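Biologist: I am new to this structure. Could you walk me through how to read it?

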Amino acid sequence: MKKSDIWIPYINLSKQFSEEKKSLLPKIEKVLSSGKYILSDEVKKFESKICNYQNMKFCISVNSGTDALILSLLSLNVKSGDEVITQANSYIASAAAIKAVGAKPVFCDVYDDQTMNVEDMESKINFRTKVIMPVHLTGRMCEMNKIMKIAKKNNLKVVEDCAQSIGSTYSGKKSGSFGDLGAFSTHPLKNLNACGDGGFIVTNNKKISDYLKLKRNHGHISREKIKLFGTVSRLDSIQAVILNFRLKKLEKVIKKRVKNASIYKETLKDLDIYYPKDRSNCRDSYHLFVVQLKNRNNLKKFLFKNKIESNVHYPIPIHKQKLFTDQSQALHNTEKQANEILSLPINQYLNENDINKVCYFIKKFLQIN
Ligand SMILES: Cc1ncc(COP(=O)(O)O)c(C=O)c1O
């Protein structure tokens, strides 16, 4: 099936660009003609706007969500011999970042709603554990009050993987504002998206922020002088101008996704299909709307036959990737969900009719199966 034959696309970046083109292109042109492409005022403006949005003291923009995680771990001096507890139902970057600094990812299971199983996480803490890394997958925040309490009790640091959770809240606070650091991605598929790779870190710790600002830029304290051995991980000015433009629309984007999710929840509520229930103290930003059902693969095929795209995030849990030689670890919910999860289209360009159409075909599928 050609892309143009799809009725309901999972994501619609071309539509996003065609709507923004008239206002956005002159801004990009202005950056291009300024000749200031690296660590420019546009980048500083982005960092300052994010501090405002997040209600955090410091924002350090970097060139991907993966780098945001790696640099966050480095800033806490996580190294070989250390363990970081995280989830295996995430994108590979969460574990890869831990490996990249030489530490060992230790996986805990998740609850039915895909958030970190706090009791299982606590049972995996030992003398090597240095950091807890909850992943706010799909834009649904983990139980941060409990996680922070356990971290404090055990003298552990917390790095929140917020790649999918910009704008999500828990007890009135934004994702990324609970732990020592929050690491975000602005990959094109995220709710706040650049037109290429990008990311940022937020923290309230000045020492960490100062370190990260040096680390992302080869340790330069001046053009000539280097204070530490660093790397190159800078958000460029073109991505920054796009993100500054799109940040203004982020709340609208999230509200539309929340609305689309509410139509799914209302229409699917009496069917034999699971989706996470609302929690009164949280706002899920619905980067993804994930349902769980036994014959997920057949529903995916059925929807596609009816010109509706859906996706699986992610079909192989990280601990089951061949790279992990110890395949004996059992994570019951994580493994079960990998076979049953399906992300339905929820992007902000879909309207009520589109979502109702998806629900119509889901009902039809359940009737004949
Ligand atoms: C949960 C999670 N963590 C980390 C990342 C890495 O972000 P990036 O692709 O910007 O490196 C992603 C990206 O999809 C993600 O979904």
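This is a predicted model: local features need pLDDT of at least 70, side-chain atom pairs count only at pLDDT 80 or more; totals for chains, interfaces and linings use all residues.

Biologist: Now the helices. How are two packed helices described?

Modeller: Two things are given: the angle between their axes and the distance between the axes. Take helix 2 (residues 41-54) and helix 8 (residues 237-247). They pack at an angle of about 35°, and their axes are 8 Å apart. Their crossing is left-handed.

Biologist: Which residues of helix 2 and helix 8 meet?

Modeller: From helix 2 come Glu42, Val43, Lys45, Phe46, Lys49 and Tyr53. Helix 8 brings Ser237, Ala240, Val241, Leu243, Asn244 and Leu247. By class, this contact of helix 2 with helix 8 has seven nonpolar, two polar and three charged residues.

Biologist: At what angle do helix 1 and helix 8 pack?

Modeller: The angle is about 150°, and the axes are 9 Å apart. Helix 1 covers residues 13-34. The crossing of helix 1 and helix 8 is right-handed. Helix 1 contributes Leu24, Lys27, Ile28 and Val31. Helix 8 contributes Ser237, Ile238, Val241, Ile242 and Phe245. Seven of the residues in this contact of helix 1 with helix 8 are nonpolar, one is polar and one is charged.

Biologist: Next, the ligand. How many residues surround it?

Modeller: The ligand is surrounded by 16 residues. The closest are Gly65, Thr66, Ala93, Ala163 and Ser185. Helix 3 (65-75) and helix 4 (93-100) each supply at least two residues of the shell. By class, the shell has five nonpolar, nine polar and two charged residues.

Biologist: Step back to the whole chain. How many helices and strands are there?

Modeller: The chain has 12 helices and 12 strands. Its radius of gyration is 21 Å, close to the 21 Å from the globule rule for 369 residues, so the chain is as compact as a globular protein of that length. Along the principal axes, the C-alpha trace spans about 70 × 55 × 40 Å.

Methods:
Residues are numbered from 1 along each chain as its sequence is written. A residue is near a molecule or strand if its C-beta atom, placed from the backbone, lies within 6 Å of it. Helices (H or I, at least four residues) and strands (E, at least two) are DSSP runs, numbered from the N terminus. Ala, Val, Leu, Ile, Met, Phe, Trp, Tyr, Cys and Pro count as nonpolar, Asp, Glu, Lys and Arg as charged, and the others, Gly among them, as polar. Axes are lines fitted to C-alpha atoms, for helices over the stretch in contact, and angles run from 0 to 180 degrees between N-to-C directions. A crossing is left-handed if the near helix is turned anticlockwise from the far one by less than a right angle, and right-handed if clockwise. Two residues are in contact if their C-beta atoms, placed from the backbone, lie within 7 Å. The radius of gyration is taken over C-alpha atoms; the globule rule is 2.2 Å times the number of residues to the power 0.38.
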